[in-house]
Amino acid sequence: MVNFKNSLYYAKNMSLKQTDLDENVVFVICAHSDDQIFGPGGTVAKYAKEGKQIYTIIFSYGEGSHPWFQKHYTIKARVKEALSADKFIGGSGVLFLGLQESKFLEQYSARKIHAKMRRLLLKYKPKRIFTHSMDDPLPDHRALHKRLIETLDKIKYPGEVYAFDVWTIFNFKKRHYVQIAVDISDTFKTKVAALRLFKSQAAARFSLTWSVYVKAWINGKKNKVRYAEVFYKIR
Ligand SMILES: [Zn+2]
């Protein structure tokens, strides 16, 4: 018979060691169903091509606060799009947490997301995590960042954590962090094509696609490649 109390105690004290981490597992943790593509889409597609497993955790279904999200699209449509995009870039799955936008800070505690996140980390043992940056212009992105980092620090997550920006082109605040550039020349097309799968955001896509190009091009130029994505190593 399993001693429930003991097994809980065990779980509570279980932590990840550097040597436990799986080099081939990557987590992308974001607020809305298309952030994972707008942000690190090219990098993720590149990792998938290399045989890595990419798991995407999305906090909300995106009911409205994203400036480009159209309200009349159903949750079902958003989930479908996210799954198609994930499949397209070679991801290994998407998990929606179903939190309400603008309520991440409260609901993270109320819905026990800390424990859930911890369980996922212990189960999949990702070596790398990509998430929103702390000075992202969108409050939901910053709220997610804050809570996630609290969880990672609490469990002393030993892996690498990288911050991405979804649509800011210039960002000078994170200077003290190490910046890494990933050459996405081979997967930039995949990123753009994956963004096209988000049909519910079609109108906004027109106003944002240019920034995806400009950003990848500027970052590429700085790093002497055609297209690049840049991240800040925050842990
Ligand atoms: Zn977002």
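This report walks through a predicted model of one protein, from its overall make-up to a few individual residues.

## Getting oriented

Because the model is predicted, local features are described where pLDDT is at least 70 and side-chain atom pairs count only at pLDDT 80 or more, while totals for chains, interfaces and linings use all residues. Residues are numbered from 1 along each chain, as its sequence is written.

The protein has nine helices and seven strands. Of its 235 residues, 42% count as buried. Buried here means that 20 or more other C-beta atoms lie within 10 Å of the residue's own; 12 or fewer makes a residue exposed, anything in between makes it partly exposed, and the C-beta atoms are placed from the backbone.

Contacts also tell us about the fold: among those with a separation of 6 or more, 82% join residues 24 or more positions apart. Two residues are in contact if their C-beta atoms, placed from the backbone, lie within 7 Å.

In soluble globular proteins, nonpolar side chains tend to be buried together. Here the largest nonpolar core holds 50 residues, and F27, V28, I29, V44, I54, Y162 and F231 touch the most other members. Strand β1 gives the most to this core, with six residues. Such a core is a set of buried Ala, Val, Leu, Ile, Met, Phe, Trp, Tyr and Cys residues joined through C-beta atoms within 7 Å.

Leaving aside residues up to four places away in sequence, F231 touches F130, Y162, A163, F164 and I180. Y232 sits in strand β7 (residues 228–233). Y232 is buried because 21 other C-beta atoms lie within 10 Å.

Helix α7 covers residues 139–154, and its 16 residues should span 22 Å at 1.5 Å a residue; the end C-alpha atoms are 23 Å apart, which agrees. The expected span is 1.5 Å times one less than the number of residues.

Which residues of α7 are buried? They are D140, H141, A143, L144, H145, R147, L148 and L152. What covers them includes β1 (22–30), β2 (53–60), α5 (104–110), β4 (126–132) and β5 (160–164).

## Where α3 meets α8

Helices α3 (residues 41–49) and α8 (residues 188–196) pack at an angle of about 115°, with their axes 8 Å apart. The axes are lines fitted to C-alpha atoms over the stretch in contact, and angles run from 0 to 180 degrees between N-to-C directions. G41, G42 and A45 of α3 make the contact with F188, T190, K191 and A194 of α8.

## Two lysines with positive phi

Most residues other than glycine have a negative phi. K125, in the loop between α6 (113–124) and β4, has a positive phi near 55°. K125 is partly exposed, since 18 other C-beta atoms lie within 10 Å.

K156 lies in the loop between α7 and β5, and its phi is also positive, near 50°. With 9 other C-beta atoms within 10 Å, K156 is exposed.

How values were computed:
Helices (H or I, at least four residues) and strands (E, at least two) are DSSP runs, numbered from the N terminus.
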